[in-house]
Amino acid sequence: MSQTQAHCSIAGEQASPTRINPRIILLSLGMFALGTDAFVVAGVLPTIAKETEVSAGLAGQLITVFALTYGLGAPLLAALTGRWPRNRVLIGALGLFCLANLASALSPSFQLLLLTRILAGCCAATYAPMAYTVGISLAPPAKRGQALALVVMGVTVATALGAPLGTWIGENFGWRFSFALVAILAGLAFFLLVVCGLPRSATSTSLSLKERLLPITYPRVILALTPALLWNIGFYICYSYIALLLQQNMHISDVSVLLVCSGLGTFISSWVGGLLADRFSSFRLLPLLLVTLLLIQLTLPLLTTTIIGGALTLFLWAMSFGLLFIPQQRHLLNTAPEHANVILALNNATFQMGIAIGAAVGGLALRSFAITQLAWVGMISILLALLIVAISPLQNGERPQAFPDSPE
């Protein structure tokens with residue numbers, strides 16, 4: 001093992017400036033495990049609800065607590081662990097994430113399962129930001145963009161392959177094996193990172209929690225983050241319970257193949273979104289994409305009655321939603337460029353909060369509405385996002401004002 005570790009370390013340190021450090025792939029594998037864990041519950045939710053003898057709406061809160069912990073925990077845990085060596089924090093968080101998912105697989109009750117999802121969310125909130133930072137540090141300056149893309153690709157591939165595979169396993173072998181899959185993936189990444197090692201990093205002064213949240217006090221930043229929160233809520237009100245909708249509309253039990261189509265839409269959007277953002281301004285793209293998302297979500301319950309119609313609709317629905325991500329990031333960076341790192345972290349927290357609130361609202365809505373009406377309930381939130389984007393002062397060509405500097 002020591003020889004293997006030495007070989008990995010030497011390979012990393014002697015890598016050509018024009019090559020990507022292979023340990024970045026291991027960071028991406030960890031993100032693949034995180035992404036699979038984040039999205040697989042939506043696919044196996046009916047099975048979990050049935051076997052744990054709870055309602056679908058209550059089972060959906062497994063998504064809520066994971067995303068809520070992930071979103072709110074990221075800035076808090078980053079502030080708490082900021083003075084610790086990054087390599088130890090990253091590997092430790094991944095190891096604990098593996099154990100948390102193993103605990104999810106072995107949970108004897110819904111209450112304990114809920115607790116393990118909170119623990120997994122805390123580990124994910126610690127690992128993900130650190131993986132981005134370490135991934136960039138492992139690459140030469142000319143390759144840092146590619147390094148970041150590789151780490152992010154772990155999540156996008158998880159939506160296309162990991163979550164559908166976990167759903168298929170859950171449908172055929174039981175939902176516990178879905179969490180076992182995540183534990184195996186995380187455990188493999190953890191083991192390989194321990195064997196290969198990561199560069200030791202000296203402790204450094206980190207931002208306090210107050211400094212991390214400072215941009216939220218700026219009205220223009222709030223105006224930029226609020227629509228993103230609303231359209232994420234609107235999408236996940238429906239997506240959190242998509243397996244129930246597909247099962248009812250198509251009278252099938254295994255929806256894993258259809259979730260592959262949704263994942264492919266998200267995966268392709270990450271590439272297409274970059275191309276569109278390079279050619280058009282965010283102020284043109286965001287309203288157009290929101291209108292597209294509204295129209296597709298309007299027809300979602302009507303067009304998901306056949307395999308072909310459902311596959312195509314899910315692909316377009318997920319792609320129209322995924323295309324919003326890059327223009328939104330660009331919009332935020334233009335709004336507060338001097339707070340770039342903190343702003344992007346807040347954007348990720350907004351995304352996770354949207355998932356959490358969407359799953360919670362969807363679960364409550366199921367008490368009064370049919371599963372086929374959840375998409376229309378979510379449209380209300382997306383419409384509000386569109387209205388805010390449309391009346392934003394930035395739409396009138398106003399340039400963002402400079403904000404006071406804060407320590408980064």
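1. Cavities first: there are 2 of 30 Å³ or more. Here a cavity is a set of points on a 1 Å grid over the protein atoms alone where a 1.4 Å probe fits but cannot get out. The largest one has a volume of about 70 Å³, and 10 residues line it, Leu-223, Pro-227, His-331, Val-389 and Ser-392 being the closest to its centre. (Lining residues have an atom within 4 Å of a point.) H10 gives the most to this lining, with 3 residues, while helix H13 (282-303) and helix H17 (374-391) each supply at least two.

2. Bear in mind that this is a predicted model, where local features need pLDDT of at least 70, side-chain atom pairs count only at pLDDT 80 or more, and totals for chains, interfaces and linings use all residues. Residues are numbered from 1 along each chain as its sequence is written, and side-chain values use heavy atoms, with hydrogens and water left out.

3. Just after H8 comes Gly-197, with a positive phi of about 80°.

4. Several H8 residues are buried, including Trp-175, Phe-179, Leu-185 and Cys-196. Buried means under 20% relative accessible area, exposed over 50%, and partly exposed in between (1.4 Å probe, protein chains only).

5. Ile-216 sits in the loop between H9 and helix H10 (219-239). Ile-216 is partly exposed, at a relative accessible area of 35%.

Technical notes
Helix = DSSP H or I, 4+ residues; strand = E, 2+ residues; numbered from the N terminus. 1 Å grid on protein atoms, 1.4 Å probe; cavity = no way out; pocket = protein on both sides within 12 Å on 5 of 7 lines; lining within 4 Å. Points joined across faces, edges and corners; volume = space filled by probe spheres on them.
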